[in-house]
Amino acid sequence: MNEILVLVDSKEGLLENRTLELIRGGSDLAGDLGIEASAVVVGDDTSALAKSVASYGLKKVYRVEHPLLKGFQPDAWVGALEWLCRQTSPRIFLISHSFVGKEVAPRLACRLKVELTTDCVGLSIDPKDGLLIRTKPIYGGNAIAVVKCEGTPQVVTVRKNAFAPMEQAGAQSEVVEMVPGLDESMIKVKSLKTVQEAVVELDKANVVIAGGRGIVEKEDFEMLRALARAMGKSHGNVMIGCSRPVVDKCWMTSDHQVGLTGSMIAPDAYIAVGISGAIQHLVGMIRSKKIIAINTDAGCNMFKVSNYGVVGDYKDILPALVKKLEE
Amino acid sequence: MKEPKIVVCAKQIPDPEAPFSNVSVDVEKKEVLVDAPDVISPYDENALEAAIRIKEEMGGKITVLSMGRKVSDTVLRKTIAAGADSLILVEDGGFERLESGSVARVLCQAIKKIGEYDLILTGRQAGDWDSGQVGLILGELLGIPCISLARSVKVKDGGVVVEKTVPVGYEVVEAGLPAVVTVSNEVGELRYVARTKMLGLLRRPMVIPKWGMKELGLEAGDLRKVNLVELSPPADMRRECVFIEGASPEDMAVKLATVFRELR
């Protein structure tokens, strides 16, 4: 009951930045409570990852290792985390609001009979009762809710950028090997194959040119691509993004989607073409340094959050702009 | 195989596409006020579309289950117009502000009351609190497989085969029935429902069962409410927008090109 656990997320065996943020959050909260924070690494071979986590000043690193934890099989992972919680009885369990976290946290909370708050942007301890105070945007970011829940462990998933990343410390954490009791019968969903697709990483773009509901036909995205090519010569990494309706129409894959359920990005410039500015889109791009909107509707919300606006038809403006930039 | 019985859990929420200027926060009452009509949560519409495609391919029955403190059948009748067979409203004053686990508990009771089901589909998350928990917890409570983030759902040989969106692309997974699948927007938007069809359906008398706590054998003590300590408006996102004007698109392009060059 006197420990905060932090679930480690990794990508290709490397520690994810969001985990370093979570470690910072866990360490800070542990400091407030006068208890310790430890990390949890899950997989079939966790030695290298555990070693890199061990240099961030946590009390312990739990290596939860089992052959069934290879890759990410949610049934096995949930089983292992449930087992770990029963073994260690943590007071707080911090999980990233990542692909893995979103999947395991609700199921884990259900099994532990506690209430989960997802996608928190802020966490603190209520000095009166020691419970976690959970800050979470709702209605796409139109309101900020602060909630508290009874029960132990206190489980939350945490949005990226909620804490500054932890720096490496001098001392090494104690690494504890844990072998969860898992068996094949727990696995109800079978993975047949994983198909890798070319995935754009919009958070690596210097400029994102995004189209929305106002784009009349799929082929019109070629105009956005032409602008991307024209800008690419001088503006670094220029990528194409979109708002949700475009993915719903199957015109673009979801890796291009910007917003609450897509990428949350902060490029040097964001060019919104035919995007009216529904709030769940805005939360994904509002941290852009400069925002430029092109839209036929002068009253639309996108203009209210933009630095520059052009009221007009993208079909006229984009080709003219490309021509100008290429001169 | 026999024709599948599909349950789609669909939540009614204020239109999440509403402009932010139509949304305000009552700090005293801790309520979000949205000046927009209620709609079916977008991902739940995607789930319904996935269900209708299965029905088109192999037959079956689709029951839409919608739960809330107060549910409007006029909003939900759209699901029938699109292709669902029946609608059940799960409604009770006691269902207000339930936390996700308790919402799943209520739906679980309702699904057990329906009795026969092969596949339960719902959106990956609802467009109001965006918690993304109910579907996954429902699978736990019913003790059946749960697959999340589907971009395609097919019923095959007594099981369900799902293409699930994963960070590197997609994963093809399989589970036995019954199962819960949470659906993502890559499935595609809900088919268009003609206004005339919708209006005709609104006039047609229809038996829509309403189940509350009593019908589901639940008591207030079985459910947890969200303990909302505080609700506040977000930080102001507004910027001072400089509108680029010109007599022609070319005129505007010249000025815009200058802006673009300064971005570097």
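**View 1. Strand E7 of chain A is mostly covered.** Strand E7 (residues 116-120) of chain A has five of its five residues buried. Here a residue is buried if 20 or more other C-beta atoms lie within 10 Å of its own, exposed if 12 or fewer, and partly exposed in between, with C-beta atoms placed from the backbone. Helices (H or I, at least four residues) and strands (E, at least two) are DSSP runs, numbered from the N terminus. E7(A) runs parallel to strand E11 (residues 154-158) of chain A, and three bridges join them. Within this pair, A:Cys120 stands opposite A:Val158.

A word on reading these views: this is a predicted model, in which local features need pLDDT of at least 70 and side-chain atom pairs count only at pLDDT 80 or more, while totals for chains, interfaces and linings use all residues. Residues are numbered from 1 along each chain as its sequence is written, and chains are lettered from A and ligands numbered from 1 in the order in which they are written.

**View 2. Here is chain A as a whole.** Chain A contains nine helices and 18 strands. Its C-alpha atoms fill a box of roughly 65 × 45 × 40 Å, taken along the principal axes. Of the 327 residues in chain A, 57% are buried. Among contacts in chain A between residues at least 6 apart in sequence, 63% join residues at least 24 apart; two residues are in contact if their C-beta atoms, placed from the backbone, lie within 7 Å.

**View 3. Chain A is assigned two domains.** Domain 1 covers 3-186 and domain 2 covers 202-326, with bounds that come from an automatic or database domain assignment. The C-alpha centres of the two domains of chain A lie 35 Å apart. Where they meet, four residues of domain 1 of chain A are in contact with five residues of domain 2 of chain A. On the domain 1 side, the touching residues divide into no nonpolar, three polar and one charged. In this count Ala, Val, Leu, Ile, Met, Phe, Trp, Tyr, Cys and Pro are nonpolar, Asp, Glu, Lys and Arg are charged, and the others, Gly among them, are polar.

**View 4. An open sheet takes strands from chains A and B.** Its four strands follow the order E8(A)-E9(A)-E10(A)-E14(B), with antiparallel pairing. Two strands pair if DSSP finds at least two bridges between them. At the edges are strand E8 (122-125) of chain A and strand E14 (227-232) of chain B, each pairing on one side only. From one strand to the next, the twist averages 25 degrees; axes are lines fitted to C-alpha atoms, for helices over the stretch in contact, and angles run from 0 to 180 degrees between N-to-C directions. E8(A) pairs with strand E9 (residues 132-138) of chain A over four bridges in the antiparallel sense. One place to look is A:Ile125, whose bridge partner in E9(A) is A:Leu132.

**View 5. Chains A and B meet.** Chain A brings 74 residues to the contact and chain B brings 66 residues. The largest share of the chain B side, 10 residues, comes from H6(B). That side of chain B divides into 39 nonpolar, 12 polar and 15 charged residues.

**View 6. A:Ser254 sits in a loop.** The loop lies between helix H6 (244-248) and strand E16 (269-273) of chain A. A:Ser254 counts as buried because it has 21 C-beta neighbours inside 10 Å. Not counting residues up to four places away in sequence, A:Ser254 touches A:Val247, A:Gly262, B:Thr165 and B:Glu186.

**View 7. B:Val8 belongs to the largest nonpolar core.** This core has 116 residues, and those with the most contacts inside it are B:Val8 and B:Leu107. A nonpolar core is a set of buried Ala, Val, Leu, Ile, Met, Phe, Trp, Tyr and Cys residues joined through C-beta atoms within 7 Å. Leaving out residues up to four places away in sequence, those that B:Val8 touches include B:Ala47, B:Leu48, B:Ile62 and B:Leu121. Apart from this core lies another, of 69 residues, among them A:Val207 and A:Ile286.
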